[in-house]
Amino acid sequence: MKKEVKVLQGNSAIARGAWEAGVTFASAYPGTPSSEILQEIADNYPDIYAEWSPNEKVAVEVASGASISGARVMASMKHVGLNVASDPFMTLAYTGIKGGMMIVVADDPNVHSSQNEQDSRNWARFAKVPMLEPGDAQECKDFTKVAFDISEEFDTPVLLRGETRVSHSDSPVTLENRKESKIPIGLDPKDAPKYVMVPANVRVRRKFIEERMRKLEAYADGFKYNRMEINDPGVGIIASGVSYLYAKEVFPEYSFLKLGMIWPLPKKMIAEFYKKVKKVIIVEELDPFFETEIKAMGYKVFHGKDLIPNMYELSPEIVEQSLMGKKYKAPKIRIKPEDLPRRPPNLCAGCSHRPLFYALKKLGTFVFGDIGCYTLAAAPPLQALHACICMGAGIGGAHGAMKAFGKAGLGKMCAVLGDSTFLHSGITSLMNVVYNKGNSTTIILDNRITGMTGHQEHAGTGFTVRQEPANMVNYEELSKALGVKSIRKVDPYKIEETMKIIKEELAKDEPSVIITVNSPCIMLKRANRKFKDPFFIINEDNCRGCKMCLEIGCPAISWKEGAGATKDGHKRKGTVYIDKGVCIGCDICTQICKYKAIVPGKR
Amino acid sequence: MMKNNDKVTNIFLSGVGGQGTILASNILTEVFLNAGYDVKKSEVHGMAQRGGDVTTHFRFGKKVYSPLIKYGDVDFLLSFELLEALRYINWVKEDGKIIINKQEVFPPAVNLGVAKYPDGVEEVFKKYFKENVQVINGQEIAGKLGNVQAANVVLIGAFSNFFPEIKEAAWVKAIKGLLKEKLHELNIKAFSEGRKAL
């Protein structure tokens, strides 16, 4: 029978691999470029229990419980997510697993959508666990399946390094059937010494993980996805994942050592490769990880990070240009793209974050922000977000700043974060504000969904990943329970009132929380958000061309040059124009215009 | 540096978030996979749901390694917006072919009046690529069919003319497979109008 071939995205192929491997439990917190993995499981593989966790630490913890019970489990996250999950992860390296466990950690070279650029391979070395790195969708599926076998054979969690270019590229995959795991579900109290990490047991497991590393090194030498391709014996390239594909694209005539398992490294195979080729070049994205290790083994590296950048994403031409140097022939430059207007992402027309940040800007508030759509408020013209470190850090930042300022800080600053982010790691920080007698203000922008990563459900939305109805966290009650006494609600679309409430709360010498209401993400279909007027238009008789309305950065409003005058004789250099295809009638601009120049369009 | 004759064809799609760039590239993927090629596709975007620029690299051939096209190696540029076409003009080979949708979507800096939307995009392309440039008013064609949203499929229809070896039925099959049933009729018409437009 001919096997079915389907084009899958790298992330979808990981989901498929998990299903074929007999995984029954999957957890995740969304984050680009990893988000699609769990959604794909929820949508297409009912054999797998799936849940969005409030954060990555919880995702790994719940997966560990299922694994200890015998289930094959997967947790997925982006690179910075593993930092959050590092606490359970580092110790799980000691306890090991029962049912196979794979943790997908998706790096984001070139920081397409993240707060830093880090190389997750360092986590594998740090935690002493094996790591695999696929380069295309077929490998995503194959490596996922083999990860579970390795996990069970060596009693270890296995890391799979995803990254933007693999997660978000599509290529053909041969589909296979699912094989259920043979491990029975059950818990045995006699296993306690393996799972209770008190010092006496830790010392036993400490020795175990060193032995495990030695066994894994031997395994890596025979691992079928580590392979040599001997062509030109003059030059050999060592690479993995997508870096291998770029190098193969531009130097197909060279020899290759293609690594599928990137930690631990196959020492014998590397020795053999050095015997077969004259000069070795290492092509790797981000850190000189292989290079450092291979040099430490005593080998010479002909070229590596001396030529290939250690930051941003690689590409075929970067690899070619770096290694060819002066011999590289650059394509013809017809225009300078840097002279063209850029097209950065922007808050959507009608987004409830826009008026809220406009209010904060008008008040001159220093905003300790957070990761989410609202981070876009840092861009001009709003420029109303002034710090953004990681999820949940805004509340801590504002608290720290208030302590530094003392009473003089009242009215000057606040923390702003989204609903999903609040549940991710805002709660503990808010509790800290109350406990440590802080007086900072936290604004929860409740748009009823995890917006930026593409609309994932969370504990506050009322739905699970599979759209089953679920309990909804009540942020007001929760804040109360944490000890906050001053809790206000604001409709951000009413700018004056929003400013008044924020001003009052900022001035209070006690912790306070402001929750936005009536402000679901305008892209959230089920919220069915409708405004009173369908769209607005410009009354050119009144528009003085003052550009005040442009200060909100609405994508529907643009500037039109052209001298003229209002009906009552005020001269102007141009007017604004509202694109009725983009405007959704949110009414923010009319509140800003002093000259009644913005009026409802016709339904 | 490629030495073998198993040529890989590089198609670069560009547009603005929400224009259907990714759906268009999904259609290409299905069509060329079914035609027996190895295919690789990669979306390059940050937070495109929020109106940012979106590009897709699509490659097909006997064997495709890199998911990204090499800078300067684009055989076909298919752009859904004028500025987003111009932004990638240097990527196109000397003899590359270009189809552009005649639509302007202003980025924030232009809306704010601090940057100018480029003039004469068509002329710049014609200067370098002569008769290899085709400009199509996808919105107008799709609008006549009742939904401007189908402009992306109009462009795909026009683009399909470059591959006479692939029958219209193969494109229609891909469109049907990727879109909800209620959108089939409109999009098949949009495809067919686009095919006639070139």
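**View 1. The contact between chain A and chain B as a whole.** In this predicted model, 55 residues from chain A and 55 residues from chain B take part in the contact. The area buried between chain A and chain B comes to about 4900 Å², and carbon and sulfur atoms account for 60% of that area.

**View 2. Salt bridges and polar contacts across the interface.** Between chain A and chain B there are 7 salt bridges, and a salt bridge also joins the side chains of Arg343(A) and Glu84(B), with a distance of 2.5 Å from N to O. Where both residues have pLDDT 80 or more, 20 residue pairs are found in polar contact across the interface of chain A and chain B.

**View 3. The side of chain A that touches chain B.** Two or more residues of this side come from each of strand E1 (5-9), strand E8 (169-174), helix H10 (241-250), helix H13 (316-324) and strand E20 (557-565) of chain A. Helix H10(A) gives the most, with 7 residues. Sorted by class, the side of chain A that touches chain B holds 31 nonpolar, 10 polar and 14 charged residues.

**View 4. A pairing of strands from chain A and chain B.** Strand E8(A) pairs with strand E2 of chain B, which covers residues 38-44, and the two run in the antiparallel sense over 2 bridges. Within this pairing, Asp170(A) has Lys41(B), a residue of E2(B), as its bridge partner.

Methods: Residues numbered from 1 in each chain as written. Chains lettered and ligands numbered in written order. Predicted model: local features only at pLDDT ≥ 70, side-chain atom pairs only at ≥ 80, totals over all residues. Heavy atoms only, no water. Contact = heavy atoms within 4.5 Å. Buried area = accessible area lost by both parts, 1.4 Å probe. Salt bridge = Lys/Arg side-chain N within 4 Å of Asp/Glu carboxyl O. Polar contact = N/O pair within 3.5 Å; in protein donor to acceptor, adjacent residues only side chain to side chain. Helix = DSSP H or I, 4+ residues; strand = E, 2+ residues; numbered from the N terminus. Nonpolar A, V, L, I, M, F, W, Y, C, P; charged D, E, K, R; others polar. Pairing = 2+ DSSP bridges.
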